[in-house]
Amino acid sequence: NVALWNGSSWTPLGSGLNEAVQSASVFDGKLIAGGGFTVAGQAAAIRIASWDGSAWSALGTGMDLPVTALTTYANKLIAGGYFGTAGGVPALGVASWDGSSWSPLGSGMNSNVNALTVYNGMLVAGGQFTTAGGVAANRIASWDGSSWLPLGSGMNNAVYALTVYDNKLIAGGAFG
């Protein structure tokens, strides 16, 4: 469920993962994969794992439900998804990894996070949530390092993709 393109052919990364990979990013010089899997290579890795170039390993005890988005922000790995716990601690839909443990970002979201990016120095999350950190945020919100803020009036349906293009935040999804 994960492969590497070397410029001319595809090769598997180790013995792979036992379920779908739904997100990928790079953190601390390692490839990070998130999804619904529970095994990465020969290691138990509950929905999130790192590849160091030769072997897979777990990031703590993982998440209780799938990881669908990954990015880096403020020197931490940020994971988003359907989960309610990260590393055994409550983290509703979004959590940060500092290299040794998971932490929630505020009180999290009331539904899943599908996409993450960094824009104007803030972490931006998109998904199906309608509150972020206890404040109304229709499917898109930004984290300033200490609290969640809505981005305008938000969207009327799910956000599935986020990126920055020409210094502007771009969102894609089922909204209209």
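The structure is a predicted model, in which local features need pLDDT of at least 70, side-chain atom pairs count only at pLDDT 80 or more, and totals for chains, interfaces and linings use all residues. Residues are numbered from 1 along each chain as its sequence is written, and side-chain values use heavy atoms, with hydrogens and water left out.

The protein chain contains 22 strands and zero helices; these elements are DSSP runs numbered from the N terminus (H or I of at least four residues for helices, E of at least two for strands). The radius of gyration, taken over C-alpha atoms, is compared with a globule rule of 2.2 Å times the number of residues to the power 0.38. The chain agrees with this rule, because a compact globule of 176 residues would have a value near 16 Å and the chain has 16 Å.

| Property of the protein chain | Value |
|---|---|
| Box filled by C-alpha atoms, along the principal axes | roughly 45 × 40 × 25 Å |
| Residues that count as buried (under 20% relative accessible area, 1.4 Å probe, protein chains only) | 40% of 176 residues |

Strands of a sheet pair through backbone hydrogen bonds, either parallel or antiparallel. Here, four strands form an open sheet in the order β15-β16-β19-β20, with antiparallel pairing; two strands pair if DSSP finds at least two bridges between them. Strands β15 (113–119) and β20 (148–150) stand at the edges with a single partner strand each, so one side of each is left without a neighbour in the sheet.

Strand β19 (residues 140–143) runs antiparallel to β20 and is joined to it by three bridges. W143 has W148 in β20 as its bridge partner.

Key. Buried < 20%, exposed > 50% of the residue type's maximum accessible area, 1.4 Å probe, protein only.
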